[in-house]
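Visitor: I am new to this structure and would like a close look at one part of it. Please show it first.

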Amino acid sequence: MNSITTQIFADDVAGLRGAAEVLSAGGLVAFPTETVYGLGVDARNSDAVAGLYAAKGRPSFNPLIVHVASIEAAEEFVVFDDIARALAQAFWPGALTLVLPLRPDAGISPLVTAGLDTLAVRVPDHPVAYGLMEAFAGPIAAPSANPSGQISATKFAHVQSQMSGRIDGIVDGGDCGVGLESTIIASQPVPTLLRAGGLPAEALEAALGDKLALAGDTAAPSSPGQLASHYAPKGTVRLNATEVEVGETLLGFGAVDAAVNLSPSGDLVEAAANLFDALHQLNALGAEKIAVSPIPDHGLGRAINDRLRRAAAPRSGAAA
Ligand code: TXA
Ligand code: MG
């Protein structure tokens, strides 16, 4: 791809106004959210969305999440049922994406939904994302701001090194606090977990008073982006390593002697926030064989293990 100039915007009023103007002109702008950096584009502009798929090298069957500033704004684009409304009221703004019936006349580009009759929407919990949405005053489609199949970006420097020359702008808004992509839920026909993420499933189940169904077990749509190989660092990845073999670099969790440690104190929230930066660090170290300490499979550990299983999967396909 030809290299283009990537403008850096400050996360102040003038910077966000400049970034919003680039979006209005059909450009691609990366911005921070509480989960990961997103690569934003006007969700109503098919030319711009096509440019986004090209910049990410993303398979075009993989639909995008639309970011809006409020439930009221989401209502312009999707139809809420009672369960979805209750979850939105409880967890928005926040790391929850709802897959809901699309309003066909809402003006969302069919490239955003990849032709599905549902749309994924969320209200991010981040002042810079909020400021950009206010300045732009429209729906922002945004996948994670990384080349397809590679490690998601949780710091400005990750976006800069992976996407400079491919996109029009980056808002420098510091580090992402949660560090894992949003949890994706379909409310119909029964509340179903499509992707474990930055909002623990247990919190959703407590609000619902019921267990979430798992994608594949119900007639709920599956999440087309859930391809096996994803988040891939350069080295191979071996999970649940209780010992380190010759030639391996340890990605640790808890009180172990590791090259990079997700959380020496064994804290899952800290580990989530550090996960993608740790994988970027292992790339920088030139780690060829990565062994990963066992990580408990509850709370945010479930989403961390999901991402690590994909990082460990054979690298035949690419994903978001
Ligand atoms: O935290 C996040 O969700 C970040 C930030 C930027 O908001 N975004 C993100 O986007 O992770 P992306 O594109 O990397 O992942 C979007 C996921 C994909 O797995 C996609 O298949 C799924 O959302 N998705 C989008 N629309 C869908 C739909 N209508 N039905 C089912 N899954 C959908
Ligand atoms: Mg992604």
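Visitor: At which residues does UniProt place the feature "binding site"? Please go through them, and then through what surrounds them.

Guide: The model is predicted, so local features need pLDDT of at least 70 and side-chain atom pairs count only at pLDDT 80 or more, while totals for chains, interfaces and linings use all residues. Residues are numbered from 1 along each chain as its sequence is written, and chains are lettered from A and ligands numbered from 1 in the order in which they are written.

An unreviewed UniProt entry gives the feature "binding site" at Arg-58, Asn-62, Thr-118, Ser-144, Ser-152, Arg-195 and Tyr-231. These positions span 174 residues in sequence, and their farthest two C-alpha atoms are 25.3 Å apart, so they do not all gather at one spot. UniProt positions follow the numbering used here, feature names are shortened, and annotations may be inferred rather than shown by experiment.

Two of these positions lie in loops. Arg-58 sits between helix H2 (46-56) and strand S4 (65-67), and Ser-144 sits between strand S7 (140-141) and helix H7 (156-163). Helices (H or I, at least four residues) and strands (E, at least two) are DSSP runs, numbered from the N terminus. Arg-58 is buried, with 20 other C-beta atoms within 10 Å. Ser-144 is buried as well, with 27 C-beta neighbours inside 10 Å. A residue counts as buried if 20 or more other C-beta atoms, placed from the backbone, lie within 10 Å of its own, as exposed if 12 or fewer do, and as partly exposed in between.

In strand S6, Thr-118 is the bridge partner of Pro-101. S6 (residues 118-122) and S5 pair in the antiparallel sense over four bridges; strands pair if DSSP finds at least two bridges between them. S5 is also joined by four bridges to strand S9 (residues 183-186), and these two run parallel. Within that pairing, Ile-185 of S9 is the bridge partner of Leu-98. Five of the six residues of S5 (residues 96-101) are buried, so this strand is largely enclosed by the rest of the structure.

Val-121 touches residues including Thr-97, Leu-98 and Leu-100, as well as Ile-65 and Val-66. Such a contact means that the C-beta atoms, placed from the backbone, lie within 7 Å. Along with Ala-30 and Val-66, Val-121 touches the most other members of the largest nonpolar core, which has 102 residues. A nonpolar core is a set of buried Ala, Val, Leu, Ile, Met, Phe, Trp, Tyr and Cys residues joined through C-beta atoms within 7 Å. Helix H9 (residues 268-285) contributes the most to this core, with nine residues.

Notes
Two residues are in contact if their C-beta atoms, placed from the backbone, lie within 7 Å. Lists of a residue's contacts leave out its neighbours within four places in sequence.
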